[in-house]
Amino acid sequence: MNATVGDRLLVHGNTVGERDRVGVITEVQGPDGGPPYVVRFDDGHTGLVFPGPDAVVMHQ
């Protein structure tokens with residue numbers, strides 16, 4: 001998984017009733033665009049994310 005600053009990260013809810021989370025990647029800390037990423041989610045929460053198989057990077 002590779003990303004650049006400004007790409008969007010979509011994390012699918014992995015349990016019934018859990019909503020998908022979408023955010024903007026504000027910092028890429030891994031080598032060559034790899035994780036971890038600092039993500040500002042649409043709900044205002046910002047966090048360090050190590051995306052799993054339920055995540056998709058949407059390139060700008």
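A residue is called buried when its relative accessible area is under 20%, exposed when that area is over 50%, and partly exposed in between, as found with a 1.4 Å probe on protein chains only. By this scale Glu18, at 40% relative accessibility, counts as partly exposed. The structure is a predicted model, in which local features need pLDDT of at least 70 and side-chain atom pairs count only at pLDDT 80 or more, while totals for chains, interfaces and linings use all residues. Residues are numbered from 1 along each chain as its sequence is written, and side-chain values use heavy atoms, with hydrogens and water left out.

Five strands form an open sheet with antiparallel pairing, in the order 4-3-2-1-5; strands here are DSSP runs (E, at least two residues), as helices are (H or I, at least four), and are numbered from the N terminus. Two strands are said to pair if DSSP finds at least two bridges between them. At the edges of the sheet lie strand 4 (46–49) and strand 5 (55–58), each of which pairs on one side only. From one strand to the next the twist averages 35 degrees, where axes are lines fitted to C-alpha atoms (for helices, over the stretch in contact) and angles between N-to-C directions run from 0 to 180 degrees.

Strand 2 (residues 21–28) is joined to strand 3 (residues 37–41) by five bridges in the antiparallel sense, and Glu27 has Val38 of strand 3 as its bridge partner. Four bridges connect strand 1 with strand 2, again antiparallel, and here Leu9 stands opposite Gly23. Strand 1 also pairs with strand 5 over four antiparallel bridges, with Arg8 opposite Met58. In strand 5, Ala55 and Val57 make up a covered face, whereas Val56 and Met58 make up an uncovered one.

One salt bridge (a side-chain nitrogen of Lys or Arg within 4 Å of a carboxyl oxygen of Asp or Glu) is found in a search of the whole structure. Arg8 forms a salt bridge with Asp42, and their closest N and O atoms are 3.2 Å apart. This pair links distant parts of the chain, since Arg8 belongs to strand 1 and Asp42 to the loop between strand 3 and strand 4, 34 residues apart. Arg8 is partly exposed, with a relative accessible area of 27%, whereas Asp42 is exposed, at 57%.

Asp7, in the segment before strand 1 (8–11), is buried yet has no salt bridge, and its nearest side chain of opposite charge, that of Arg8, is 9.4 Å away; in this count Lys and Arg are positive and Asp and Glu negative, while His and the chain ends are not counted. The side chain of Asp7 does reach the backbone nitrogen of Thr4, at 2.9 Å. Beyond its neighbours within four places in sequence, Asp7 is in contact (heavy atoms within 4.5 Å) with residues including Gly23, Val24, Val57 and Met58.

Glu18 is located in the loop between strand 1 and strand 2. Its side chain makes a polar contact with the side chain of Thr15 at 3.0 Å, a polar contact being a pair of N or O atoms within 3.5 Å, of which, within protein, one must be able to donate a hydrogen and the other to accept it, and residues adjacent in sequence count only if both atoms are side-chain atoms.
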